[in-house]
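Here is a friendly note to read beside the model. Please keep the picture open as you go through the points.

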Amino acid sequence: MIDQIKKLRESGHAIKKIVAILGISRNTVRRHLRVPQALKLESAPAITDAGPGWKQQIDWRLVCEKRHQGYTAKQLYQEFQPDISYPRFCAHLRESVKKPQELALRLNHNPGEKVQVDFCDGIAITEHRTGLQSKTQLFVGVLPFSSYCFGIFVENQKLPNFIRAHESMWAYFGGVTPYVVIDNLKAGVKKAHRYDPELNPTYCDYANRSQFAVLPARPYTPRDKASVEANIGVIQRSFFQGVRDQRFYSLRELNDCFRRFLDEFNSRVMTDYGVSRLERFEVERPKLLPLAAAAYEICEW
């Protein structure tokens, strides 16, 4: 084990990485890497880095090209074999290789065109008699043009709750959007695929009846539904934290409390726009499609 510690250290691994690889404590690693003071003094001249001339011996343009192609620092160090220690080489590599500039792009959404929906873990419900707690899920729908937000706590993410949550959302909005962007959960997508996902037949039938088209987000691509992701984060930081010391004994009690928060949340002035979500929603309210005359009867395929 001591030999393994020293070999990993000589290969340029940090103490934290050695701890993770070998599954031992950090103090153990430090103890075996600690060099007696006398040995430090004797070996000091041998471990000092080379002079400034070592930089001119390396084609840094080629190093940068390979770094951008995916070569690791360790691979580059082994290939070019500079007359310098590995940590010093890594430090100079970080200074020399500039990261590609990242561009931030603001998407412009058409009023009333789509809604983005998603689930997250909810707040537990306490059973009166036994005190046992049961988990819930929070369904959130956001209109990306106005960021107008809807949410409802349900027992789980199964298909009946998924569809009933949609109907509650349409009632809250007062209309239906032509498109719904969903995550790849089983209730909505039977078989996920980056380019050709297969929808759940019942959910597809519900979408046809309600006159909206389903747009599944690409797997592992949260920016496809960035509006709902951002609003879920705000709800978790504000509402979840605000009620962390409260106990709820039914979904109805929890949803009543959340609805009061939601009305205040949508009426709050947004820093980016200088107006509230509700005010921006008034622009897209007339563009929504009419609600269905009756509730959808869930069928099994």
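1. How are H6 and H7 oriented to each other: roughly parallel or roughly perpendicular? Helix H6 (residues 73–80) and helix H7 (residues 86–96) pack at an angle of about 115 degrees, with axes 10 Å apart. H6 and H7 are therefore roughly perpendicular to each other. Angles under 35 degrees count as roughly parallel, over 145 as roughly antiparallel, 65 to 115 as roughly perpendicular, and the rest as oblique. Axes are lines fitted to C-alpha atoms, for helices over the stretch in contact, and angles run from 0 to 180 degrees between N-to-C directions.

2. A word on the origin of the model. It is predicted: local features need pLDDT of at least 70 and side-chain atom pairs count only at pLDDT 80 or more, while totals for chains, interfaces and linings use all residues. Residues are numbered from 1 along each chain as its sequence is written, and side-chain values use heavy atoms, with hydrogens and water left out.

3. Now the overview. The chain has 12 helices and nine strands; these are DSSP runs numbered from the N terminus, helices being H or I with at least four residues and strands E with at least two. Of the 301 residues in the chain, 37% are buried. Buried means under 20% relative accessible area, exposed means over 50%, and partly exposed lies in between (1.4 Å probe, protein chains only).

4. Ala73, Lys74, Leu76 and Tyr77 of H6 make the contact with Tyr86, Phe89, Cys90 and Leu93 of H7, where contact means heavy atoms within 4.5 Å. These residues divide into seven nonpolar, no polar and one charged. Here Ala, Val, Leu, Ile, Met, Phe, Trp, Tyr, Cys and Pro count as nonpolar, Asp, Glu, Lys and Arg as charged, and the others, Gly among them, as polar.

5. Please look at the sheet next. Five strands form an open, mixed sheet in the order S5-S4-S1-S6-S9. Strands S5 (148–154) and S9 (213–216) are the edges, each pairing on one side only. Two strands pair if DSSP finds at least two bridges between them.

6. S4 pairs with S5 in the antiparallel sense over seven bridges, and with S1 in the antiparallel sense over six bridges. Phe139 stands opposite Ile152 in S5, Gly141 has Phe150 as its bridge partner in S5, and Asp118 stands opposite Val140. S4 and S5 form a hairpin with four residues between them, and Ser147 in the turn has a positive phi of about 65 degrees.

7. Is S4 enclosed or open to the outside? Seven of its seven residues are buried, so S4 is largely enclosed by the rest of the structure. Gln137, Phe139, Gly141 and Leu143 point one way, and Leu138, Val140 and Val142 point the other way. Helix H11 (residues 251–267) lies across S4 and S5, running at about 170 degrees to S5.

8. Finally, please find Tyr179 in strand S6 (residues 179–182). Tyr179 is partly exposed, with a relative accessible area of 33%. Its C-alpha atom is separated by 5.9 Å from that of Val214, 35 residues apart along the chain. Leaving aside neighbours within four places in sequence, the contacts of Tyr179 include Glu113, Val115 and Phe212.
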